[in-house]
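Me: I would like a close look at a single part of this model. Please describe how its elements are arranged and which residues bring them together.

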Amino acid sequence: MQIKLHKDKQTTVVIQAENLPSVNKTLYTCTVSNMPGIVSEVNSTEVICEVKVSMSGNVTVTYKGKNIDHNGTVASKVYTCENLATACSSCVYLNTQGYQCDWDLSTKKCSYNTTKMADSSKCPPPNISMISPRNGTISGRTSLTIHGTELGSIVTDINITVSGRQCEINKFSFNPPQWIQCYTGKIDTETEGGQVIVTRNSKQSTSNWTFKYLVPGLVSLDPIQGIKDGGRILTLKGSKLLTGNRHRMNVDLFNEEGKITCNLITSYTHVKNSSEIICSVGRYTGKQLPYRLTGVNVSYDDSSYVLTKQNVNFTFVDNPSIQIGRSQALRSGGVDMNITGERFRAVSVVKVDKVLCKVVSDNKVKCPVPAYNSSRSRRRRSSTTCPCGQVSTIHMDNYDYRFYMQFTENPTITPFTDIVSYKAGGFLTIEGEDLLRGAVESDYMVQVQSTNCHDVKVNANGTLITFKPPDFLSEGNEYQVEVLVGTSLRQHVGIIYYEKDLTTITIIAALGGTSLAMLVLIIICVIRSRRKDKQLNKLKTDIVEMESNIRNKSREVFADMQMSMQDIKGDLVTTGIPYFDYHNYSFHTLFPKLKAGESIYYQASATHQVEDFAKLAPRSILLFEELLKNKFFLQSLIGTLERQNKFSVQEKAEFSSLLTLTLMGKMTYISEVIEELLHRLIGRASRKQHRVLFRRSDSITQKLLSNWLALSLYPYLKGGGGQQLFMLYKASQTVMEKGPIDAVTLQAKDTLAEERLLKMDLQYESLTLEVDLNGRKELRYMCTVLDCDTITQVKAKCMYKIYKNKAASELHFTPDELVLEWHAGKGGKLVLNDIDRTSTKREGYVCRNTLKHYNVKDGSCMALLISDEPDDQELYYNTEATSMNDVLLSEHSMTSYMSMSPEKQWHMVFPEEDEKESRRQVLIEELYLNRLLHTKLTLMEYIDAVFENVLDEKRVPPVVCYLFKMFENIAKEHNVDPDIVSRWKSECYAMRIWSLWISCPDLLFDIILAKHVIPCLDVIKSMFSDVFSRTDSKLSKDSSSAKLLFANEVPKYQGEMRNFYDKVGSSCEPVTRQKFVSLMQEVSQQQTQEIKVKRLPALKKLFAMVKIFSDEIIADLDEEEETRDLKLGEKFDNVIQQMDTENV
């Protein structure tokens, strides 16, 4: 049972009931989508509840705190009228389907309305965008589909005529928001240009396309012979044969005894040539041969019109007899195989596996031998070294003949060791081994510059190929030589050259140049080694001098990190959490590198017309999509691709994302496929492999699992599960920005990452600025900054203070695009920039300006301007500047400085002058490492909160409980140790999902991720991974600072993790299969409503990746029992052929 509720609207929900223990409404509670409602009335058959919800979910009713059982799941479907309909009639149609929607004439939008009888008479006239088909037979009953808008909402409001004849609306195929189907009426004669008119509530629309009534005619049939098993391709010729609905056409060959169907080949029914019908003859099951059929019937529109042709002649003959002329071939295939026998002219197509053959005569066929498919043998053999064999199939229309072919390893062809000189008229030789094993002399061809050579011979021992290069090639040039064995093996041998002496000179010069380069390299290494020794000796003499500095610095650092966490918490509490909507979340989850998915995702912020996929997609794409929805096909496809060495990890990740995208809205199906893939993955792994099975995410199965889990967890995250992640990010950002951050190197005084630690002493002050936005002086914001902040850093901090509740996507500018003005006096002002004429310059570098550079004091007034240029008013200048010229910039000088690359700028840390100074500094830098500890202690409250959220067994999302149970069930089947199962859970859930959210908060939150925070988050992610990897890493003085930093916390968290896995099984509310399916349906429904993708380009990209391995895929489909019985290999092959025909 499903209840429809408008989003964020108070709605009365009537829940049917029986045998209620009491009608006292105070004893009942109702919950819809986890939102409590108010029980307004209870009677013997109903519980009436008032509720306001924002997302879909289940409906529950409790009596005295206990759930009331009900038959089946009562679910709520939350919708918004504006998203469901963009046209008036569509909106009114929703009203007839139980949605509280009606068209608002003032706003011209589909809006929430409690009226129960919406009227489509107020809607604009119908608009017809397309009709299909555009012709039909004079007998009528052609199923006409009319596409458009404002077509109506109920059948009784609509009237359709075609050429003045009534078109009967099909009540069972009625979707007025997009299309209507009707059956055309009968007419006496052919009619050109018949108008299609749709009338709704007396408002009329005429189609721009006309409908033709036609009379088809049949003239001939060709060829006139086919084999008993059928499959012969027939061509029926005539006039206007492809009339009406092509999918409702039937062709039958008949005689007095019966009929045999000729199946239309769908790839030919879309051609513009309506004078031909292409079909494939069915199987003849009788025993009498030859067997003759004398007539043909073509029926249209479910036999409402039948076209008959007598006195035709088509004869069935026996299946071909076959003898194979070769028993051995090369592993690479491609060598010719002669097939002899009878009745080869009675078939249309001959193939060996998927390779086309040439019919030479009625008694001879010439075929290339298919390559040995090692993927077939992997289930039976541990080695793929030949000699080996495989069974191949000769397909002659519908007749299959299986034969066994022995394969040998490919011959060894030895490349030239040098450029070979050649004089016209002579012969050359190529050495090799086993040249005649699996091949004959006629299989060999030698090409020079893609030109065939003459007199190619192979000696009887199979060790030498002799050939004569073409004589017409000019002297003085180099030419490439290649050996071809059949059509599949091509090997580059070398180069032939028409001048003898140049080769020797070239080699000597090359050797001389190489020797000289090596000598120079040795000299450089010796010099550098001596310099290094001198520098190290000098450093040792400086250590005594440095020790006194270290002692002084170590006393000052500890107190420097104290800060008020109360301010940080206050900011985080008042700041709303800007979650991405489901559309953008799925985009960033599946395609972290944005450009990979831009072409297949609609921009959420832009208005767009969602594609009519069924209308735009070629039939081959639709067939491919249907195959992807077949569980057996998809499992076999993924299994085949997993084994392909040429399918890189990056390609597997893209394939997994594209597959998840095309199956969006089918989360139950994806989970079923993943469960079966996990069974196979775990079942095929050895006990040793079980321990590390999910440690890396380099397989399609693991990528699919991560995608499915991340998408399924979105409702949980937005419902509160992601709050601690946001708090951790904002706390890290705030703590870091309380201290100095180098804008160029991103080194910070307060961080967790040693490599990004600002290892120097700075004298700085905290300033409070009064900032107004765009000159609105009546509203000023108190912004806390540092006097050592660059101007861009100040603008960023002011932006956060002003817009802290805004999502990043709602801000149409960045700090770089804002202008910061310093106001003082009456109208005095100065535009502050990172770089101007007053900037400090040193050794070709320019220093970015700070507030201290401009002598800005505490309490100064600033204006943050969104306009392109500041107002043309009186300029206030820095009293510390030497002259007004130091402040006022010309446009030319400003452009010159601002165009400097970041490599030529510095902020706090000036680039080291030489290696000597850098090495001396390292010894002092270790003093500042205790700043890492202070930062950690400040953030521990938020790090603890994240771990508490992940390791709270009572808050585990149901989908994760189901996944954990799935792992446990599979493990029992294969006797896997429970400790290893816990590893799987950690690696698939914590390490693959949560650790990614920690380091990349911009996957979930609509924020501008501060670059200086990323290294800090990476350290937390690394610690998080150490906890859940369950590896006891031994610490020493040589361990990294990141590991030493959390040396005490990691064992504590690991203990909590083990306790979590011990309790989670009993604490998790049991997730039954029915409950899990219901949960997946809710997620799927939310995806369908909120995620808008371009399915056509997504499927095209997916097919392009799959097609490369089509032979291996088809081979596996033909081998596995389930897929072979369903003929999925044949169906996939048909998709490939149709794709080629349609140029997809």
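Reply:

**Strand pairing and a helix contact**

In this predicted model, strand S45 (residues 444-448) is joined by 5 bridges to strand S49 (residues 478-485), and the two strands run antiparallel. Within that pairing, Gln447 has Glu482 in S49 as its bridge partner.

S49 is also joined to strand S50 (residues 489-497), through 8 bridges and again in an antiparallel arrangement. S49 and S50 form a hairpin in which 3 residues lie between the strands. In the turn, Gly486 adopts a positive phi of about 65 degrees.

For helix H26 (residues 1095-1107) and helix H29 (residues 1128-1141), the packing angle is about 115 degrees and the axes are 12 Å apart. H26 and H29 are therefore roughly perpendicular to each other, the range for that description being 65 to 115 degrees. The crossing of H26 past H29 is left-handed.

On the H26 side, the contact involves Phe1103, Val1106 and Lys1107. These meet Phe1132, Val1135, Ile1136, Met1139 and Asp1140 in H29. By class, the residues of this contact comprise 6 nonpolar and 2 charged, with no polar ones.

Technical notes
Residues numbered from 1 in each chain as written. Predicted model: local features only at pLDDT ≥ 70, side-chain atom pairs only at ≥ 80, totals over all residues. Heavy atoms only, no water. Pairing = 2+ DSSP bridges. Helix = DSSP H or I, 4+ residues; strand = E, 2+ residues; numbered from the N terminus. Axes fitted to C-alpha atoms, helices over the stretch in contact; angles between N-to-C directions. Parallel < 35°, antiparallel > 145°, perpendicular 65-115°, else oblique. Left-handed = near helix turned anticlockwise from the far one by under 90°. Contact = heavy atoms within 4.5 Å. Nonpolar A, V, L, I, M, F, W, Y, C, P; charged D, E, K, R; others polar.
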